[in-house]
Number of protein chains: 2
Amino acid sequence: MTDHVTASYVIETSLPLERAAEVLAGEQSTGTFVRVERESGAVRARFAAQVESLEEIPMTDASALPGSVGDPALRRRALLRLRFPLDNFGPSIPNLQAAVAGNLFEIKELAAIKLVDLDLPVAFAERYGGPRFGVAGTRTLVGREQGAMIGTIVKPSIGLSPEQLAEVVDELARAGVDFIKDDELQGNGPSAPLAARVAAVMPVLKRHADRTGRMPMYAFNITDDIHLLEQNHDLVVSAGGTCVMVCINMVGLAGLAHVNRFARVPIHGHRAMFGAISRSDQLGFSFRAWQKLARLSGADHLHTNGISNKFYESDAQVLDAIAAVRTPLDGIGATVPVLSSGQWGGLAHATYRAVGTTDLLVLAGGGIHGHPGGAAEGVASMRDAWASAERGESVDQALAASPALRRATELFGPPRD
Amino acid sequence: MTDHVTASYVIETSLPLERAAEVLAGEQSTGTFVRVERESGAVRARFAAQVESLEEIPMTDASALPGSVGDPALRRRALLRLRFPLDNFGPSIPNLQAAVAGNLFEIKELAAIKLVDLDLPVAFAERYGGPRFGVAGTRTLVGREQGAMIGTIVKPSIGLSPEQLAEVVDELARAGVDFIKDDELQGNGPSAPLAARVAAVMPVLKRHADRTGRMPMYAFNITDDIHLLEQNHDLVVSAGGTCVMVCINMVGLAGLAHVNRFARVPIHGHRAMFGAISRSDQLGFSFRAWQKLARLSGADHLHTNGISNKFYESDAQVLDAIAAVRTPLDGIGATVPVLSSGQWGGLAHATYRAVGTTDLLVLAGGGIHGHPGGAAEGVASMRDAWASAERGESVDQALAASPALRRATELFGPPRD
């Protein structure tokens with residue numbers, strides 16, 4: 001029995017479901033729009049994608065994707081599992097994607113087509129290796145063996161000079177933060193190039209490390225053209241930096257896997273642009289499918305959003321994403337979920353109750369920088385709240401015990417219970 | 001006056017349009033969800049994205065994207081042009097994308113958000129260079145200075161042994177085809193690895209070149225992990241190959257730009273997976289916006305689909321895509337449009353009338369392999385039809401003069417007029 005990949009899709013179609021599934025399977029393996037010479041039975045038996053299961057599920061109210069054939073009112077929706085022989089592409093993520101996530105999004109027989117899960121043989125883990133640091137490696141470097149790791153994003157996102165950045169980092173390090181990251185908008189532009197940021201930030205971090213014995217992890221955004229990634233990484237590491245951030249969709253999953261070949265520090269995987277392939281329920285990738293590829297490709301940390309975030313995702317989606325990246329895959333350990341967007345101390349109890357772990361990076365931008373008492377109180381409010389949540393206390397107990405958390409409510413309103 | 005990038009979006013929102021535009025501009029430049037220290041007036045003046053124009057346009061029937069706030073019935077739709085200072089990211093395509101196509105797709109104040117165009121300063125062309133071969137370079141290598149370049153895709157897409165592939169290529173070369181490509185599903189898998197395909201195909205092509213003085217261009221699919229791209233390219237070129245194919249979305253635009261740094265032959269840009277970011281009218285990228293980045297990154301050829309294709313795109317979308325890749329950009333010449341999917345000779349007249357040029361690669365898979373008279377008649381039917389179209393003849397004149405085209409109608413029905 002040869003290895004295979006199983007791809008799960010949610011589809012909608014006005015055709016008979018079985019017919020639509022066959023169109024999809026044919027398009028993505030041996031078929032074209034007419035039967036051709038040499039597409040023999042033997043070729044089809046060995047290389048054709050096979051329908052493993054097809055289960056009708058309830059329709060939603062969403063309108064059909066543009067260009068789909070048939071009467072939209074006759075649409076039905078199904079969960080389709082297709083099995084592809086691994087030999088069709090080998091354990092190569094780029095070539096896998098051509099099969100499981102290529103032209104199929106354009107098939108007009110389908111009024112919706114979303115890749116919702118992927119089951120991959122261990123050959124992928126053997127080839128790509130996955131994250132090298134993960135939870136344990138990150139905790140060691142951060143110097144925080146227990147409890148939620150509390151971090152923040154440099155704000156304003158862009159516009160700070162390297163000198164101003166150093167001031168902000170100094171303030172955050174004094175405040176006792178575990179982790180700081182460049183905003184994804186802060187790349188390698190002329191007003192604050194990576195080299196200048198590294199030169200400004202690292203001496204500040206080292207000074208704090210000398211003082212406290214613990215250096216906050218700073219995720220420098222090394223995103224740029226492929227041939228610059230290694231030198232950007234080396235610049236960070238040679239200056240003593242302990243993390244690099246990669247905007248995965250800007251360098252591609254292939255670019256991430258490339259960084260993973262030379263990275264000597266954890267890779268902080270930012271998912272900017274992910275909404276373009278995932279926000280529609282009818283098109284693209286679910287986070288559950290995509291994160292498997294990102295983790296195989298080496299993401300030690302992966303953004304999942306947090307509950308009550310400022311973006312479109314529901315809490316249920318966020319919690320599913322956090323659970324997904326924490327679930328070991330065949331040959332690949334857990335990645336650290338990065339909770340961000342609209343986060344503050346008042347979300348700790350509700351989050352902890354739902355996820356049951358503190359193996360998390362919880363990032364608050366405005367929630368720390370914008371705290372009425374300043375960044376130090378912002379960090380304290382986060383740490384107090386997470387420690388209280390982990391002890392199983394109520395929100396009221398946390399509020400009673402933490403002046404910093406109480407003060408945060410002046411800006412952010414009551415905590416979520 | 002500093003350089004800037006202008007990004008055009010179609011948005012929908014239940015908020016006042018101006019308010020939604022400000023949320024978007026803030027999120028993608030200096031803002032976060034609360035005003036923070038150091039987000040000074042000076043920082044905002046220099047780095048904030050500015051609303052250049054905001055024009056209401058008619059709503060469509062499509063339902064709102066998931067997670068958008070407000071009453072969907074109150075939605076309005078607008079064309080929004082945002083201006084970003086180039087200094088925010090510099091002329092780096094990956095970092096540009098974080099600004100113009102990053103987290104914004106997740107903004108819940110927007111019920112639709114699609115990047116429909118980009119105006120980029122010449123600094124991008126200076127950094128990336130764009131295609132090195134384009135129309136003229138491709139025509140020279142193909143040995144076809146005039147008329148549509150007629151090509152095909154190896155079919156069945158996958159499953160042929162290298163020996164069978166050599167047979168197919170021999171047949172196609174005898175048939176007089178200008179161009180042959182690997183299917184995008186044919187990557188570098190164990191049953192027909194790239195090295196074996198190159199070894200099988202190149203002697204066949206060279207034999208035909210010796211006979212005719214002209215070698216068909218074969219686009220070998222070199223798509224794979226980043227560190228394999230250069231050796232895959234070199235394998236093709238050292239064997240005398242004249243084209244490499246890259247699945248752009250599988251290696252990322254960054255991967256394409258990487259290939260363009262060492263490519264010594266034209267890069268055939270396949271767009272598989274593009275549907276995931278473009279099929280929805282409410283999310284992702286238009287082809288017009290995306291193709292600018294793909295061309296800057298080096299695509300000599302770019303798939304546009306053809307009219308009457310088997311995918312979801314309308315003829316209007318296809319024709320707009322063909323026009324887009326043929327329009328020179330500041331510092332960048334035209335890319336060869338690749339018309340494919342469901343193409344056959346009977347579409348030549350309608351296509352030529354609409355596009356007014358033969359600077360095209362017209363690919364027929366089933367239309368050549370599946371022709372009732374075999375591949376040679378398939379190629380003849382395509383070439384006869386395009387030559388007739390270019391002479392300004394009617395479809396009936398073409399049918400009267402070409403037995404191969406007449407025979408094609410037995411399978412494909414009457415030509416489009």
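**Close-up views of a two-chain predicted model**

**View 1. A salt bridge reaches across from one chain to the other.** A:Glu106 forms a salt bridge with B:Arg271, and their closest N and O atoms sit 3.0 Å apart. The term salt bridge here means a side-chain nitrogen of Lys or Arg within 4 Å of a carboxyl oxygen of Asp or Glu. Side chains of opposite charge can pair when their charged atoms come close. Across the interface of chain B and chain A, the rule picks out 8 salt bridges. On the side of chain B that touches chain A, helix H9 (residues 248–262) of chain B gives the largest share, 6 residues. Helices are DSSP runs (H or I, at least four residues), strands are runs of E with at least two, and both are numbered from the N terminus.

A quick word on the model: it is predicted, so local features need pLDDT of at least 70 and side-chain atom pairs count only at pLDDT 80 or more, while totals for chains, interfaces and linings use all residues. Residues are numbered from 1 along each chain as its sequence is written, chains are lettered from A and ligands numbered from 1 in the order in which they are written, and side-chain values use heavy atoms, leaving out hydrogens and water.

**View 2. Here is the whole interface between chain B and chain A.** The contact (heavy atoms within 4.5 Å) takes 101 residues from chain B and 102 residues from chain A. Together the two chains bury about 8,300 Å², with 57% of it on carbon and sulfur atoms. Buried area is the accessible area (1.4 Å probe) that two parts lose on being put together, summed over both. Across this interface there are also 35 residue pairs in polar contact, both residues at pLDDT 80 or more. A polar contact is a pair of N or O atoms within 3.5 Å; within protein, one must be able to donate a hydrogen and the other to accept it, and residues adjacent in sequence count only if both atoms are side-chain atoms.

**View 3. Strands of chain A close into a barrel.** This closed barrel has 8 strands, running S5-S6-S7-S8-S9-S11-S12-S13 in chain A, with parallel pairing. Two strands pair if DSSP finds at least two bridges between them. From one strand to the next, the twist averages 25°; axes are lines fitted to C-alpha atoms, for helices over the stretch in contact, and angles run from 0 to 180 degrees between N-to-C directions. Zoom in on strand S6 (residues 179–181) and strand S7 (residues 217–221) of chain A, and you'll find 3 bridges in the parallel sense. There, A:Phe179 stands opposite A:Met217 in S7.

**View 4. Chain B has a barrel, too.** In chain B, 8 strands close up in the order S5-S6-S7-S8-S9-S11-S12-S13, paired in parallel. Strand S6 (residues 179–181) and strand S7 (residues 217–221) of chain B are joined by 3 bridges, and B:Ile180 has B:Tyr218 in S7 as its bridge partner.

**View 5. Look for a cis peptide bond in a loop.** The bond from A:Lys155 to A:Pro156 is cis, with omega near -5°. A:Pro156 lies in the loop between strand S5 (149–153) and helix H6 (162–174) of chain A. In chain B, a cis peptide bond joins B:Lys155 and B:Pro156, with omega about -5°.

View 6. The side chains of A:Arg75 and A:Glu12 meet at 2.6 Å, N to O.
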